[in-house]
Amino acid sequence: MSDDHRPPGDGPPGRERDRVREFFAARAAHWDSRFPDDGPAFAAAVAELGLRAGDAVLDAGCGTGRALAPLRAAVGPAGTVLGADLTPDMLAAAVRAGRDTEARLLLADVARLPLRDGMLDAVFGAGLVSHLARPAEDLRELARVVRPGGLLALFHPVGRAALAARQGRRLTGDDLRAEPNLRPLLAGSGWRLRSYADEDTRFLAVAVRAEGPPPPPG
């Protein structure tokens, strides 16, 4: 994922996931050609995480896998890189681009990851929050699979205002990526917002996995 944002609707989670899957399936074949210049922004965002050789990292909602090469470079051959996406067509595009050589690709919903508790050091999510059917619950699931002290990076190659202008819409107060909304959302899902950047050329919020189990829903 990352660009061509469509906010989730008000339907049940299953319906919203179907909507996201259908939206990206229709665009998967030409996704990379629409955004050919985003590679350096992805690499710079990964570099800010300070991943170490041997770390285990998940690209959640990996789409065509544009973050997989810099993630692999960061953790090295001894590290683990996973890419999970809800849309088979996006994963197929990642394979055609040869990015399955950088990571193990999983057809999976971030709401129900086939991963052990605390097995990851970090999660990278490009354009992820805007497509979550249940943001608090889904971020809690990401917290489940990350060790305490591990990281979550929520990224977009352009900032909120630049993306809204590109799409011909106005920013609204209910945007989950706005810091006053994102900070409590993360805190209620097992994360502590560490840094927040919303600039024309990037959006990057980095959160730290809190100690103890993720808080229960409610």
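How many bridges join E1 to strand E2 (residues 80-85), and do the two run parallel or antiparallel? Five bridges join them, and the strands run parallel. The points below start from the model and the chain as a whole, then return to this pair.

1. Basis. This is a predicted model, in which local features need pLDDT of at least 70 and side-chain atom pairs count only at pLDDT 80 or more, while totals for chains, interfaces and linings use all residues. Residues are numbered from 1 along each chain as its sequence is written, and side-chain values use heavy atoms, with hydrogens and water left out.

2. Overall dimensions. The chain has eight helices and seven strands; helices (H or I, at least four residues) and strands (E, at least two) are DSSP runs numbered from the N terminus. Its radius of gyration is 16 Å, close to the 17 Å that the globule rule gives for 218 residues, so the chain is as compact as a globular protein of that length. The radius is taken over C-alpha atoms, and the rule is 2.2 Å times the number of residues to the power 0.38. Along the principal axes, the C-alpha trace spans about 40 × 40 × 35 Å.

3. Of the 218 residues, 51% count as buried; buried means under 20% relative accessible area, exposed over 50%, and partly exposed in between, with a 1.4 Å probe and protein chains only. The accessible surface comes to about 9700 Å², of which 53% belongs to carbon and sulfur atoms. Areas come from the Shrake-Rupley method with a 1.4 Å probe, and for residues only the protein chains shown count as cover. Among contacts (heavy atoms within 4.5 Å) between residues at least 6 apart in sequence, 69% join residues at least 24 apart.

4. Charge. There are 29 positive and 29 negative side chains, and the centres of the two sets lie 2 Å apart. Lys and Arg count as positive and Asp and Glu as negative, while His and the chain ends are not counted. The place of a charge is taken as NZ of Lys, CZ of Arg, CG of Asp or CD of Glu.

5. Strand E1. Five of the five residues of E1 (residues 56-60) are buried, so this strand is largely enclosed by the rest of the structure. Both faces are covered, with Ala56, Leu58 and Ala60 on one side and Val57 and Asp59 on the other. In the pairing with E2, Val57 has Val81 as its bridge partner. Two strands pair if DSSP finds at least two bridges between them.

6. Helix H4. Leu68, Pro70, Leu71, Arg72 and Val75 are buried in H4 (residues 68-75). The buried residues of this helix pack against helix H3 (39-48), E1, E2, strand E3 (104-107) and strand E4 (120-126).

7. Strands E5, E6 and E7. Strand E7 (residues 202-209) is mostly covered, with seven of its eight residues buried. Strand E5 (residues 146-156) runs antiparallel to E7 and is joined to it by six bridges. Strand E6 (residues 191-199) also pairs with E7 in the antiparallel sense, over eight bridges, and a hairpin of two residues joins E6 to E7. Val208 in E7 stands opposite Leu151 and also opposite Arg192.

8. Helix H6. Seven of the 10 residues of H6 (residues 135-144) are buried. They are Pro135, Asp138, Leu139, Arg140, Glu141, Leu142 and Ala143, a list that includes charged side-chain types under the counting used here. Arg144 lies in H6 and is partly exposed, at 22% relative accessibility. Leaving aside neighbours within four places in sequence, Arg144 is in contact with Leu113, Leu115, Arg116, Asp117, Gly118, Arg209 and Pro214. The C-alpha atoms of Arg144 and Leu154, 10 residues apart along the chain, are separated by 17 Å.

9. Two further residues. Ala126 lies in strand E4 and is buried, with a relative accessible area of 3%. Its C-alpha atom and that of Asp85, 41 residues apart along the chain, are separated by 11 Å. His30 lies in the loop between helix H1 (13-25) and helix H2 (31-34), and counts as exposed at 53% relative accessibility. The C-alpha atoms of His30 and Leu91, 61 residues apart along the chain, are separated by 13 Å.
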